[in-house]
Amino acid sequence: MVTTEVRGTTTTQDSGLLLLRVAIGLIMAAHGAQQLLGWFGGGGIDGTAAFFASSGYSAATLMAVLSGLSHVLGGLALAVGLFTPLAAAAIIGTMVNAIAVMWGSGFFASGGGIEYELFLTVVAAGLSLTGPGRYALDRNVPALREHRVGFGVAGVALGVVAGVLVLALFR
């Protein structure tokens with residue numbers, strides 16, 4: 001099999017990154033639509049705010065809106081590869097909070113644990129660090145055309161810091 005080398009990545013690698021970005025991005029956006037709009041059987045703002053209140057968050061409605069927007073905007077941006085480190089940061093920050101809420105329930109999702117949330121966090125961090133690949137809108141943003149590992153590290157750090165700040169201020 002012959003692959004074409006372009007800017008340090010191959011067509012196969014770029015296709016794999018596209019698949020990961022689209023899958024994780026759309027999963028996150030759909031979950032955000034559940035939180036914000038009640039789509040796909042979700043609770044909407046009221047149901048999501050009730051969840052945040054029961055999880056010990058003050059300003060539960062604000063948290064519902066911020067979480068929903070982070071999921072939708074971060075997910076859609078990740079799916080199309082636009083501002084990838086920031087999109088990943090939005091997902092990482094919300095997942096840090098999800099992991100904190102579920103922390104005492106063990107590891108495996110079947111017992112209400114953090115398995116799935118940790119997986120989403122790691123994938124978002126990995127995409128931030130590797131970059132979006134060639135099939136991304138970031139290729140049209142001059143500062144992001146060439147992926148720089150510093151942007152990826154900054155995206156991961158921003159996501160973790162934002163998630164921890166939300167926990168410290170609102171839970």
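Leaving out residues up to four places away in sequence, glycine 75 touches Gly25, Leu26, Met28, Ala29, Ser70 and Ile91, where contact means heavy atoms within 4.5 Å. The model is predicted, so to speak of local features requires pLDDT of at least 70 and side-chain atom pairs count only at pLDDT 80 or more, while totals for chains, interfaces and linings use all residues. Residues are numbered from 1 along each chain as its sequence is written, and side-chain values use heavy atoms, with hydrogens and water left out.

Glycine 75 is placed in helix H3; helices (H or I, at least four residues) are DSSP runs numbered from the N terminus, as are strands (E, at least two). Glycine 75 counts as buried because its relative accessibility is 0%; buried means under 20% relative accessible area, exposed over 50%, and partly exposed in between, with a 1.4 Å probe and protein chains only. Tryptophan 39 is 36 residues from glycine 75 in sequence, and the two C-alpha atoms are 16 Å apart in space.

Glycine 75 also takes part in the packing of H3 against H4, together with Ser67, Ser70, His71, Gly74, Ala77 and Leu78 of H3. On the H4 side, the residues met are Thr84, Ala87, Ala90, Ile91, Thr94 and Met95. By class, this contact of H3 with H4 holds six nonpolar, seven polar and no charged residues; Ala, Val, Leu, Ile, Met, Phe, Trp, Tyr, Cys and Pro count as nonpolar, Asp, Glu, Lys and Arg as charged, and the others, Gly among them, as polar. The H3 and H4 axes come within 8 Å and cross at roughly 145°; axes are lines fitted to C-alpha atoms, for helices over the stretch in contact, and angles run from 0 to 180 degrees between N-to-C directions. The crossing of H3 and H4 is left-handed, a term used if the near helix is turned anticlockwise from the far one by less than a right angle, with right-handed used if clockwise.

Next comes the pairing of H4 with H5. Their axes come within 9 Å and cross at roughly 160°. H4 is therefore roughly antiparallel to H5; angles over 145 degrees count as roughly antiparallel, under 35 as roughly parallel, 65 to 115 as roughly perpendicular and the rest as oblique. This crossing, too, is left-handed. H4 makes the contact through Thr84, Pro85, Ala88, Ile91, Ile92, Met95, Ala98, Ile99 and Met102, and H5 through Glu117, Leu118, Leu120, Thr121, Ala124, Ala125, Leu127 and Ser128. The residues in this contact of H4 with H5 are 13 nonpolar, three polar and one charged. Threonine 121, in helix H5, counts as buried because its relative accessibility is 12%. Beyond its neighbours within four places in sequence, threonine 121 is in contact with Ile92, Met95 and Ile99.

H5 is also packed against H1. Helix H1 (residues 11-37) and helix H5 (residues 115-130) meet at an angle of about 135°, and their axes are 11 Å apart. H1 is therefore oblique to H5. H1 passes H5 in a left-handed crossing. From H1, Leu17, Leu20, Arg21, Ile24, Ile27 and Met28 meet Tyr116, Phe119, Leu120, Val123, Leu127 and Thr130 of H5. The contact of H1 with H5 has 10 nonpolar, one polar and one charged residues.

The largest nonpolar core has 24 residues, and Ile24, Met28, Phe52, Leu78, Ile91 and Met95 touch the most other members. Such a core is a set of buried Ala, Val, Leu, Ile, Met, Phe, Trp, Tyr and Cys residues joined through side-chain atoms within 4.5 Å. Two or more residues of this core come from each of H1, helix H2 (44-54), helix H3 (60-80), helix H4 (84-102) and H5. H4 contributes the most, with seven residues. Setting aside residues up to four places away in sequence, leucine 78 touches Arg21, Ile24, Gly25, Thr84, Ala87, Ile91 and Leu127.

A few residues with higher accessibility complete the account. Leucine 19, found in helix H1, counts as exposed because its relative accessibility is 62%. Its C-alpha atom is separated by 8.7 Å from that of alanine 79, which is 60 residues apart from leucine 19 along the chain. Phenylalanine 40, in the loop between H1 and H2, has a positive phi of about 55° although it is not a glycine. Phenylalanine 40 is exposed, at 58% relative accessibility. In the loop between H3 and H4 lies phenylalanine 83, whose phi is near 50°, a positive value in a residue other than glycine. Phenylalanine 83 is partly exposed, with a relative accessible area of 40%.
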